Amino acid sequence: MSIYGHYAQQYYGNKVSFPKESFLVAGISFYQDNCEDINYDDELNMVHEPTNKYDETAISIINNGKLIGYVPANPDYYKKLCSENITEPLKIINIKKIEGIYGIRVIPKCFYTKKYL
């Protein structure tokens with residue numbers, strides 16, 4: 001269950017509104033093995049990745065020294081938000097795992113507040 005208490009509702013037909021500063025980790029399907037030990041209490045780190053061959057403005061998301069994915073490229077809002085707050089850890093606000101495939105929603109810690117509880 002997420003801190004929002006939406007686990008069952010989110011994936012069974014009821015729409016859940018997440019904060020606009022939150023996003024799903026992009027490219028996570030390529031790094032599923034690196035997600036196996038992720039928990040809600042974990043804080044993820046962001047790192048600029050200028051040598052990325054697909055996107056020189058890429059921002060990677062790291063958990064315990066392992067790449068788990070990227071800040072989404074579209075819309076540009078998320079990259080800008082994360083670039084401006086690159087030193088802030090990311091808080092996990094929702095984890096979905098269906099048939100071994102992870103989906104992880106995060107928010108920069110500076111935007112995470114008790115009102116989301």
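Two strands are said to pair if DSSP finds at least two bridges between them, and strands (E, at least two residues) and helices (H or I, at least four) are DSSP runs numbered from the N terminus. The legends below describe a predicted model, in which local features need pLDDT of at least 70, side-chain atom pairs count only at pLDDT 80 or more, and totals for chains, interfaces and linings use all residues. Residues are numbered from 1 along each chain as its sequence is written, and side-chain values use heavy atoms, with hydrogens and water left out.

**View 1. The open sheet and the pairing of β2 with β3.** The sheet is built from 6 strands in the order β1-β6-β5-β2-β3-β4, with antiparallel pairing. Its edge strands, each pairing on one side only, are β1 (23-24) and β4 (66-70). Strands β2 and β3 run antiparallel and are joined by 4 bridges; Val47 has Ser60 in β3 as its bridge partner.

**View 2. Surroundings of Glu49.** Glu49 lies in the loop that runs between β2 (43-48) and β3. When residues up to four places away in sequence are not counted, Glu49 touches Asp55, Glu56, Ala58, Ser60 and Tyr70, a contact being heavy atoms within 4.5 Å. Glu49 and Tyr70 are 21 residues apart along the chain, and their C-alpha atoms are separated by 9.7 Å.

**View 3. The largest pocket.** This pocket holds about 190 Å³ of space, and of the 14 residues that line it, Asn52, Asp55, Ala58, Tyr70 and Val71 are the closest to its centre. On a 1 Å grid over the protein atoms alone, a pocket is an open set of points where a 1.4 Å probe fits, with protein on both sides within 12 Å along at least five of seven lines, and lining residues have an atom within 4 Å of a point. The volume is the space filled by probe spheres set on the points, which are joined across faces, edges and corners.

**View 4. Asn85 in its loop.** Asn85 is found between α2 (76-84) and β5 (90-98), and is buried, with a relative accessible area of 17%, where buried means under 20% with a 1.4 Å probe, protein chains only. Leaving aside neighbours within four places in sequence, Asn85 is in contact with Met46, Cys110 and Phe111.

**View 5. Confidence along the chain.** The mean pLDDT (the predictor's confidence in each residue, from 0 to 100) of the protein chain is 86, and 84% of its residues reach 70 or more. Confidence is lowest in helix α1 (residues 7-10), at a mean of 46, and highest in strand β3 (residues 59-63), at 97. Where pLDDT is low, the predicted coordinates should not be read in detail.

Technical notes. Buried < 20%, exposed > 50% of the residue type's maximum accessible area, 1.4 Å probe, protein only.
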